[in-house]
Amino acid sequence: MGIILMFTLWGSWMQDAYALPAFARKYQVNCNVCHTRQPRLNSFGEQFLENGYQMPGTEDGGIVEKLKYGDVTLDQVSNYLGILFGLNALENTQLRRDVPGSGDQTDIASPTILRMFTIGTFAKNVGFLVDSTTLFAQSSDLELGRAFVTVNNLGGMDWAHLRVGRLDPSAYFSFATDRPQFIPVGPKLAPPFGSFATPAVDRWAPMPSAFASKFYGLFDRSRTAIMPYESTLYNSDKELGIDLHGRPFGNWFLYQVGILNGGNERAGDSNHSKDWYVMTRFDYAQSDYFSANLSGFAYFGNHNAKVSTGADVSRSRYGVAARLRYKWLDVYGAYTIDRVTDLPSGMSATFDATASGVTVETHALVTDRLLLGVRFDHMDAGGLLATRTSATFLAWQAKYYLRSNLSMTIRHDMNLRDAEGGMSAARNLRNLFSMDLTAVF
Amino acid sequence: MRVQTLMSYWLCLSIAGLIGHVSSWAALADSDIQLGQKIYERSCVTCHGEFGKGDGPAAFYNSAYSAPRPRDFTVGNYKFRSTPSGEAPTDQDIFRVLTNGIPGYMPSFSGLSEEQRWQVTAYLKQFSPDLFRESPTVVDLPDPFIPFSLKSAQQGRSVYLEMECQACHGLDGRGTGATTLMNDLADSRGLQISSTDLTFPQSFKNGGTGQDIIRTVLTGLDGTPMPSYEAQLQGRSEDAWHLVNYVLSLSPTH
């Protein structure tokens, strides 16, 4: 509680700042020029992102003001370096009481996440991003996240932007996986861990179902279990590959194609078959404080997972998403269908090869500082028939911005299917309350 | 079956959209104004809106419940001018804002080439053609120029008080005058607006140099409570510069 009080007082004392994290400092604007509220992007921020971290319609990337290397000062370094610090101030989990060893669990004030990112431009039309994350709940190791180079405006303004490296494919989708407005709440796992072992899930992670793996009984190419709630495939937040996108006909149409390793690997590239994807997005309206867009994608997997026998299978995903913004209201949702092919012949009777998921989220900016949100998730799970369990969750969240880079969040996830019973993790979790503090510098 | 149906619908939508837009896209000629429109539609439209009314989809989030919202170019109420209050800005005024941006709210578009910024300037004027029908007259800067000195700044304080700047900006210039504290200030859209903190020149929307400040004082910021002091300072050139020097002296870094 002392830490919460410290953050609150600190927020009250701080003056309203113009210069905040990296880009805001670099361009001398406040966060809300690009964000509906940090971290979700607004239309202007989306176009800045699409243009490889350069102002929309330009090829500059800030090189006009760039100094010689010998003149670089800490001020200039801060134009490229950002730090996010998240604190899980309070977490209360209510599990079913009829399950042995369950009951309420409360955790107080544990540092959760430290994320460092550097983003910018090397030169005209050449940008970069590197981010690393430390999840203190799991280890104190610094894990490399995205790391890629962008080459922008190939063939003309907005014709083609290239990204190469570990990237987040869904960055331009109507409902981007990264920059979630709902704070991610992780799972609690117990042994067995290891090769072709599926950990016991003491607490389900209520992640967006449309982006989740959805299958029970799948493993990545390093034989680690892919949990059904994990973001994967097109919606992975970091996958090695090449991505091309652009708006050659104007703001109304965006195309995206890409090739990925698809193996869900932390490092290396054992999947020589490669996955590929295509996405198109239509944008409507740019006035009356209103805009809408509609996206569709197809992701074709190729030997990108394994089953417990060690055989390779292919996972593919097809999805649509829409987003609508009007004044203080922001609504977005996605529906995806996943398919597993190339199953060993002996498994076809015990493995459901199709799964689907839907996620709908809405936010309302009630005041300049208060953002209220609601999210609905439904997963029609696939995979091993003996263990697969569908899940349906409803969550609400209140996020209060003490400053535009400092927020306090209260979130409540409710399991809408806990009355159906069963011993699986997806039914065991009844309620999850959490309270977080996030600061971005 | 579900997947094939989904993809078929998506393919049809893509082709129909493409045919509908390619024809209008190809028909655009390349005059300065039309080139300016193309740039506007990529660089400016998300905040200023398709029709220049300051109602783009990103406009609301920048300043949801308080000023400033992006400029509405159709009402001809330009804030940053070198011309008398109520008149149109010069082309150079528009070009300057595009180049420098507005601290806190609008990034600099110096990444556009000079030619492109002039093309956007030409296009912006199309939103309020009546306003730009006559050539604007530029307000003359007071002559002689008085360079900064502590003595001049001290004299400027009495001008500051005489003009009642403290009512909004406060006695210490921190933007905490009585009118501001009572939340009585609103812009032309009725949105609550705060007074500029004069001790932080990096945040001055119309620029923080002496030249910028004298321009703001003489022309005012149309659409905001900041009036033009051109009439009050008529024939008082030295006092005008003393006032500017006093404002400059409020900055700890000056």
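A residue is called buried when its relative accessible area is under 20%, exposed when that area is over 50%, and partly exposed in between (1.4 Å probe, protein chains only). By this rule A:Asp237 is partly exposed, because its relative accessible area is 36%.

The structure is a predicted model, in which local features need pLDDT of at least 70, side-chain atom pairs count only at pLDDT 80 or more, and totals for chains, interfaces and linings use all residues. Residues are numbered from 1 along each chain as its sequence is written, chains are lettered from A and ligands numbered from 1 in the order in which they are written, and side-chain values use heavy atoms, with hydrogens and water left out.

We start where chain B and chain A meet. Contact means heavy atoms within 4.5 Å, and the contact between the chains takes 58 residues from chain A and 49 residues from chain B. Buried area is the accessible area (1.4 Å probe) that two parts lose on being put together, summed over both. Between chain B and chain A this area is about 4500 Å², and carbon and sulfur atoms give 64% of it.

A salt bridge is a side-chain nitrogen of Lys or Arg within 4 Å of a carboxyl oxygen of Asp or Glu. The rule finds one salt bridge across the interface of chain B and chain A. A salt bridge joins the side chains of A:Asp158 and B:Arg42, with 2.9 Å from N to O. A polar contact is a pair of N or O atoms within 3.5 Å; within protein, one must be able to donate a hydrogen and the other to accept it, and residues adjacent in sequence count only if both atoms are side-chain atoms. Across the interface of chain B and chain A, 16 residue pairs are in polar contact, both residues being at pLDDT 80 or more.

Helices (H or I, at least four residues) and strands (E, at least two) are DSSP runs, numbered from the N terminus. On the side of chain B that touches chain A, helices H1 (2–27), H2 (32–43), H3 (45–48) and H4 (59–62) of chain B each supply at least two residues. H1(B) gives the largest share of that side, twelve residues. By residue type, the side of chain B that touches chain A divides into 27 nonpolar, 15 polar and seven charged residues. Here Ala, Val, Leu, Ile, Met, Phe, Trp, Tyr, Cys and Pro count as nonpolar, Asp, Glu, Lys and Arg as charged, and the others, Gly among them, as polar.

Next comes another part of chain B. Helix H11 of chain B covers residues 237–249. The expected span of a helix is 1.5 Å times one less than its number of residues, so the 13 residues of H11(B) should span 18 Å, and the 19 Å between its end C-alpha atoms agrees with this. Its buried residues include B:Trp241, B:His242 and B:Tyr246. The buried residues of H11(B) pack against helix H7 (150–162) and H10 of chain B.

Helix H10 (residues 210–219) of chain B holds B:Thr216, which counts as buried because its relative accessibility is 13%. A polar atom of the side chain of B:Thr216 lies 2.9 Å from the backbone oxygen of B:Asp212. Leaving aside residues up to four places away in sequence, B:Thr216 touches B:Asn206, B:Leu221 and B:Met226. B:Asn206 is ten residues from B:Thr216 in sequence, and their C-alpha atoms are 6.9 Å apart.

We end with the salt bridges. Over all chains, a search of the whole structure finds 36 of them. One of these joins the side chains of A:Arg323 and A:Glu46 at 2.9 Å, N to O. A:Arg323 lies in strand E16 of chain A and A:Glu46 in helix H3 (residues 43–50) of chain A, so the pair ties together parts that are 277 residues apart in sequence. Both residues, A:Arg323 and A:Glu46, are buried, with A:Arg323 at 4% relative accessibility. The side chain of A:Arg323 also makes a polar contact of 2.7 Å with that of A:Asp330. A:Glu46, A:Arg323 and A:Asp330 are among the residues linked in a network of salt bridges, which also includes A:Glu50 and A:Arg247.

Two further salt bridges lie in chain A. The side chains of A:Asp312 and A:Lys306 meet at 2.8 Å, N to O; A:Asp312 is partly exposed at 24% relative accessibility, whereas A:Lys306 is buried at 12%. The side chains of A:Lys238 and A:Asp237 meet at 3.5 Å, N to O, and A:Lys238 is partly exposed, with a relative accessible area of 24%.
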